[in-house]
Amino acid sequence: MANLPQSLSMNAPFGGGGGGPTTSNPNAAAAAAAAAGGAGANKDRKMASAEHLVLDLSNPELRENALLELSKKRELFQDLAPLLWNSFGTIAALLQEIVSIYPVLSPPNLTPAQSNRVCNALALLQCVASHPDTRMLFLNAHIPLYLYPFLNTTSKSRFCTS
């Protein structure tokens with residue numbers, strides 16, 4: 001559900017006295033309302049950007065860029081993990097990225113592009129695994145089983161640099 005301004009919320013008190021500035025200066029009240037609205041609009045823009053990138057994960061032609069952008073910005077999106085988990089096909093797309101490089105793990109023939117791509121997918125799965133709302137869902141789905149080939153490698157070179 002979208003966050004509504006208090007004036008649109010069902011919990012807002014009548015008479016317009018709910019949580020706004022308590023000043024008789026209309027300019028100060030307008031400035032405070034604009035600042036609050038600007039922060040909310042910025043948050044909405046960020047969330048819309050995250051939602052768009054998550055949708056792009058489902059398209060193999062757009063996936064590489066979406067992986068990169070979401071991985072870079074995962075700290076900015078507080079609810080990215082639930083969004084990833086609850087978006088149709090997203091976890092499957094991340095697992096597809098991981099499984100697709102199994103053949104080049106042994107012997108290690110991973111290209112830098114493959115390495116970056118799989119590391120970005122792993123970073124997004126780490127985001128899901130570490131979020132309190134998705135952690136148990138992640139574990140109960142046995143997704144860590146897909147990560148064992150990375151833990152079992154004999155190569156001394158690093159996969160991910162982030």
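In helix α4, the buried residues are Thr-90, Ile-91, Ala-93, Leu-94, Leu-95, Glu-97 and Ile-98. Hi everyone, and please keep in mind that this is a predicted model.

What does α4 meet in α5? Ile-91, Leu-94, Leu-95, Glu-97 and Ile-98 on the α4 side touch Arg-117, Val-118, Ala-121, Leu-122, Leu-124, Leu-125 and Val-128 on the α5 side. Sorted by type, that contact has ten nonpolar residues, two charged ones and no polar ones.

Now the geometry. Helix α4 covers residues 90-99 and helix α5 covers residues 112-130; their axes come within 9 Å and cross at roughly 140 degrees. That angle makes α4 oblique to α5, and the crossing is left-handed.

Let's turn to the charges. How many salt bridges does the structure hold? There are five. In one of them, Arg-117 pairs with Glu-97, with the closest N and O atoms 2.6 Å apart. Because Arg-117 sits in α5 and Glu-97 in α4, this pair ties together parts 20 residues apart in sequence. Glu-97 is buried, at 7% relative accessible area, while Arg-117 is partly exposed, at 22%.

Arg-117 also bridges to Glu-64, where the closest N and O atoms are 3.5 Å apart. Here the partners are 53 residues apart, with Glu-64 in helix α2. Glu-64 is partly exposed, at 42% relative accessibility.

Conventions: Residues numbered from 1 in each chain as written. Predicted model: local features only at pLDDT ≥ 70, side-chain atom pairs only at ≥ 80, totals over all residues. Heavy atoms only, no water. Axes fitted to C-alpha atoms, helices over the stretch in contact; angles between N-to-C directions. Helix = DSSP H or I, 4+ residues; strand = E, 2+ residues; numbered from the N terminus. Parallel < 35°, antiparallel > 145°, perpendicular 65-115°, else oblique. Left-handed = near helix turned anticlockwise from the far one by under 90°. Contact = heavy atoms within 4.5 Å. Nonpolar A, V, L, I, M, F, W, Y, C, P; charged D, E, K, R; others polar. Buried < 20%, exposed > 50% of the residue type's maximum accessible area, 1.4 Å probe, protein only. Salt bridge = Lys/Arg side-chain N within 4 Å of Asp/Glu carboxyl O.
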